[in-house]
Amino acid sequence: SGAKISSFPGTNSICRKDLLCRNYRYSQQKFGEKCFDFLPETFNIPEEWNLLKKTMARSKSAWIVKPPTGFAGKGIRLVSKTNQIGDIQSTMTVQKYVMNPFLIRGLKFDIRLYVLMTSIDPLKIYLYNDGLVRFATEPFSTKEEDLGNKFIHITNTNLNKDNTVFSYSDDLDQFEGHKWSLKTLLRFLK
C-alpha cells in the first residue's frame with residue numbers, strides 16, 4: 001500500500017499566485033499564447049514593478065492585488081493607481097481586474113470544484129460530482145468609490161459572512177443566499 005499525503009511535493013508551483021504566474025508565462029512560451037490566453041495581465045512584484053507601472057499608466061482598468069500565499073480573502077484589495085499598491089518590496093501578485101464578469105442576480109461569484117489527484121505520472125484525477133458556488137454579498141460595481149468594498153469584489157465566504165445581508169441556501173429548489181451547491185447553480189442555469 002502507498003503512503004497517504006495531503007499534497008504532492010512540488011505542486012506549490014501551481015498553488016502560489018506568484019509561481020502560478022511564472023508557470024503560466026513559461027507555458028505560453030513553450031506551447032504558444034493561443035493555448036494560454038485565459039488569464040488577465042498579471043505581474044509579480046517587486047521584480048516586475050517597472051513594467052506594471054508602465055502598463056497601469058496606459059490603463060483605465062482596476063487592478064487586483066493579492067499576496068502570493070493568501071487565503072480566506074485576506075490581503076486582497078483593488079487599486080486603480082500604482083501609489084495605492086503599497087510596499088513594493090513585498091512579494092505580491094497584481095492582476096488586471098475583470099471589469100465585466102458574468103453575474104448572477106447582479107452578484108459576482110466563483111465556483112469551487114473538488115478534485116482528488118491520486119497520481120502525477122500517469123496523471124489520475126477524480127472530479128467530485130458537486131462543488132460550491134460562493135457569491136459576493138453586494139451588487140457588482142466598478143465605480144472608483146466602490147473599489148474598496150470587499151463585499152462587492154471578493155466572493156470568499158469567510159469575508160462575506162460578516163456582512164449583515166449574508167445568508168446560506170440549503171434548499172436546492174431556491175435560488176437564494178450567498179452560498180450554493182454546484183447542483184443548485186446547474187439547475188439555475190437550465
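An open sheet of three strands, in the order S5-S6-S7, pairs in antiparallel fashion in this predicted model. Strands here are DSSP runs of type E with at least two residues, helices are runs of type H or I with at least four, and both are numbered from the N terminus. Two strands count as paired if DSSP finds at least two bridges between them. In general, the strands of a sheet pair through backbone hydrogen bonds, either parallel or antiparallel. S5 and strand S7 (179–181) stand at the edges with a single partner strand each, so one side of each is left without a neighbour in the sheet. On average, neighbouring strands of this sheet are turned by 30° against each other, direction ignored.

S6 and S7 run antiparallel and are joined by three bridges. Leu132 stands opposite Ser181 in S7. Helix H6 (residues 182–189) packs on the sheet and touches S5, S6 and S7. The direction of H6 makes about 85° with that of S7. Contact means heavy atoms within 4.5 Å. Axes are lines fitted to C-alpha atoms, for helices over the stretch in contact, and angles run from 0 to 180 degrees between N-to-C directions.

Lining residues have an atom within 4 Å of a point. Grid points are joined across faces, edges and corners, and a volume is the space filled by probe spheres set on the points.

The largest pocket has a volume of about 1,800 Å³. Its lining holds 49 residues, and Cys15, Lys17, Leu20, Lys66 and Arg112 lie nearest its centre. Elements giving two or more residues to this lining include helix H1 (12–15), helix H2 (17–31), strand S5 (109–120) and strand S6 (123–135). S5 supplies the largest share, nine residues. By class, the lining of the largest pocket has 28 nonpolar residues (Ala, Val, Leu, Ile, Met, Phe, Trp, Tyr, Cys and Pro), eight charged (Asp, Glu, Lys and Arg) and 13 polar (the others, Gly among them).

The second largest pocket has a volume of about 190 Å³. Of its 13 lining residues, Tyr24, Gln28, Pro40, Glu41 and Thr42 are the closest to its centre. H2 and strand S1 (42–45) each give two or more residues to this lining. The largest share, four residues, comes from H2.

Residues are numbered from 1 along each chain as its sequence is written, and side-chain values use heavy atoms, with hydrogens and water left out. In this predicted model, local features need pLDDT of at least 70 and side-chain atom pairs count only at pLDDT 80 or more, whereas totals for chains, interfaces and linings use all residues.

Notes. 1 Å grid on protein atoms, 1.4 Å probe; cavity = no way out; pocket = protein on both sides within 12 Å on 5 of 7 lines; lining within 4 Å.
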